[in-house]
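Here's a quick walk through one predicted model.

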Amino acid sequence: MSSVYKLRDFEKKRITVADLKSVQDIVVVEEVKKCFGVSTSIYFIFDETWEKKLSLEIGCSQGLVYGFTRYDDNHERANKLISFLGEKLNFDFDEVIS
C-alpha cells in the first residue's frame with residue numbers, strides 16, 4: 001500500500017530538493033531514468049539515523065517539491081520523517097491514501 005503526502009501551499013513555500021539536502025541526517029539520492037529518450041530525475045529521501053532505511057520518492061514540479069510518495073507499509077515512520085522535515089523547513093502536509 002502506498003500513500004502520498006502533499007505539501008500544503010507548496011507554491012508559496014517554494015521548497016526545493018536543495019532545501020531537503022540541507023537537512024542534517026537526511027540523504028537525498030537522484031536517479032536519472034530515460035523514458036522514450038527523455039531523461040527524467042527521480043529523487044528519493046532516506047533518514048540515515050534509522051537502522052532500517054525508509055525511502056520516500058520526492059515529487060517535484062518545476063523545481064519545487066510538492067509531496068512525497070511512500071511505497072512500504074511503515075506509515076508511522078514515514079509520517080515522523082515528513083513531520084521532521086516539516087519542522088526543519090516550515091511546511092505542513094496532508095496525507096492522501098492511494
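Contact here means heavy atoms within 4.5 Å. Phe 93 sits in strand 6, which covers residues 93-97. Lys 6 is 87 residues away from Phe 93 in sequence, yet their C-alpha atoms are 5.4 Å apart.

Now for the rings. Searching the whole structure turns up 3 aromatic pairs. In one of them, Tyr 5 and Phe 93 have ring centres 5.9 Å apart and planes at 65 degrees; over 60 counts as edge-to-face, so that is what this pair is. Since Tyr 5 belongs to strand 1 and Phe 93 to strand 6, the pair ties together parts 88 residues apart in sequence.

Are these two partners buried or exposed? Here is how they come out:

| Residue | Relative accessible area | Class |
|---|---|---|
| Tyr 5 | 0% | buried |
| Phe 93 | 17% | buried |

Both values fall under the 20% cut-off for buried.

On to the core. The largest nonpolar core has 23 residues, and those touching the most other members are Leu 20, Val 28, Ile 58, Val 65, Phe 68, Leu 85 and Phe 91. Strands 1 to 5 each give it two or more residues, as do helix 2 and helix 3. Helix 3 supplies the largest share, 5 residues.

Val 65 has contacts beyond its sequence neighbours (up to four places away) that include Leu 7, Phe 10, Ile 15, Val 17, Leu 20 and Ile 58.

Conventions
Residues numbered from 1 in each chain as written. Predicted model: local features only at pLDDT ≥ 70, side-chain atom pairs only at ≥ 80, totals over all residues. Heavy atoms only, no water. Core = buried A, V, L, I, M, F, W, Y, C linked by side-chain atoms within 4.5 Å. Buried < 20%, exposed > 50% of the residue type's maximum accessible area, 1.4 Å probe, protein only. Helix = DSSP H or I, 4+ residues; strand = E, 2+ residues; numbered from the N terminus. Phe/Tyr/Trp six-rings, centres within 6.5 Å; stacked < 30°, edge-to-face > 60°.
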